[in-house]
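Hi,

Here is the structure you were waiting for. Have a look at it first, then read my notes below.

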Amino acid sequence: MGKLQDKVAVITGGASGIGAATARLFVSEGAKVVLVDLNEEKGMAFETELKTLNNEALFIKANITSEDEVVNIFKQTIEVFGKVDIVFNNAGIGRVQPSHELEYSEWRNTVNVDLDGVFLVARESIREMLKTGGGTIVNTASMYGLVGSPGSAAYNAAKGGVVNLTRSLALEYAEKNIRVNALCPGFIDTPIIPEESKQVLAAATPMKRLGQAEEMAKGVLFLASDDSSFMTGNTLTVDGGYTAQ
Ligand SMILES: NC(=O)c1ccc[n+]([C@@H]2O[C@H](COP(=O)([O-])OP(=O)(O)OC[C@H]3O[C@@H](n4cnc5c(N)ncnc54)[C@H](O)[C@@H]3O)[C@@H](O)[C@H]2O)c1
């Protein structure tokens with residue numbers, strides 16, 4: 001029996017990086033996974049890969065900034081699998097630019113995906129979980145939701161928002177058996193980090209390397225499963241020591 005046997009897990013940003021590694025681990029623990037992503041090509045290919053492991057998987061192309069599309073993610077999930085137990089609310093984008101050069105439209109776009117989209121997915125998750133008696137939500141924030149850094153004000157503001165959104169939702173639904181926690185990754189080797197930045201970011205990390213998506217997935221499994229059954233409103237920082245500095 002896996003830790004997530006027969007659980008239904010929705011994973012946004014599930015076609016790549018941390019979301020994809022988490023989908024693989026969840027499937028190996030017995031979960032049925034719904035992959036949500038903007039990237040249809042990668043999402044469809046990954047759905048096929050997961051299905052060959054003899055597990056049930058479903059890819060849904062959706063943009064988490066669209067209220068209608070987010071509502072549809074949950075409608076389709078219920079139609080196919082009947083329930084939602086776990087939501088890994090993980091899709092996001094990065095933005096590195098000096099703040100005095102940042103166009104308002106770019107600020108809005110970053111906050112729209114990294115905070116507003118996370119709220120929409122969390123709200124629809126909670127609506128479904130209230131019907132079935134509970135569930136767990138794991139939001140992907142960032143170590144940059146906990147500390148500042150030059151050149152990514154919009155991203156950092158949005159991720160800081162995700163950390164406190166997590167606490168607020170956790171308190172609001174604690175008595176409804178819905179746990180809400182956040183993962184705060186450090187610099188992780190995924191496509192979101194430009195190739196030319198990898199060496200510098202590894203050097204800035206006390207452990208002198210980037211984290212691997214699989215190392216994030218283990219943290220997500222902990223937060224999503226009963227292993228963290230008395231934990232809500234919390235952040236799990238997995239950053240190779242960065243925020244200890
Ligand atoms: N890699 C890191 O160093 C790092 C560090 C801290 C936090 N994070 C966070 O981890 C999460 C996952 O990132 P990753 O590193 O796996 O990067 P990634 O680029 O590999 O994966 C992100 C996925 O989200 C999808 N996506 C983006 N916008 C979307 C939208 N509007 N609707 C639906 N899907 C959308 C992308 O298509 C992509 O497949 C993000 O929230 C990111 O901010 C990453």
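In which helix is E47 found? It is helix α2, which runs over residues 40–52. Keep in mind that this is a predicted model.

Is E47 buried or exposed? Its relative accessibility is 11%, and the cut-off for buried is under 20%, so E47 counts as buried. Its side chain also has a backbone partner. A polar atom of the E47 side chain lies 2.7 Å from the backbone nitrogen of F59.

Now the ligand. The space it takes is the largest pocket. The shell around the ligand holds 27 residues. The closest are S16, I18, D37, N90 and T190. By type, the shell divides into 15 nonpolar, ten polar and two charged residues. Two helices each supply at least two residues of this shell: α1 (17–28) and α5 (153–173).

Several backbone atoms sit by ligand oxygens. Here are the distances:

- N90: a backbone N or O atom lies 2.8 Å from an oxygen atom of the ligand. N90 is also one of the closest residues in the shell.
- G186: a polar backbone atom is 3.4 Å from a ligand oxygen.
- G17: a polar backbone atom is 3.5 Å from an oxygen of the ligand.

How much of the ligand does the protein cover? On its own, the ligand has 830 Å² of accessible area, and the protein covers 92% of that.

Best wishes

Conventions
Residues numbered from 1 in each chain as written. Predicted model: local features only at pLDDT ≥ 70, side-chain atom pairs only at ≥ 80, totals over all residues. Heavy atoms only, no water. Near = heavy atom within 4 Å. Polar contact = N/O pair within 3.5 Å; in protein donor to acceptor, adjacent residues only side chain to side chain. Areas by Shrake-Rupley, 256 points an atom, 1.4 Å probe, with all protein chains shown as cover. 1 Å grid on protein atoms, 1.4 Å probe; cavity = no way out; pocket = protein on both sides within 12 Å on 5 of 7 lines; lining within 4 Å. Sits in = over half its atoms within 2 Å of the grid points. Helix = DSSP H or I, 4+ residues; strand = E, 2+ residues; numbered from the N terminus. Nonpolar A, V, L, I, M, F, W, Y, C, P; charged D, E, K, R; others polar. Buried < 20%, exposed > 50% of the residue type's maximum accessible area, 1.4 Å probe, protein only.
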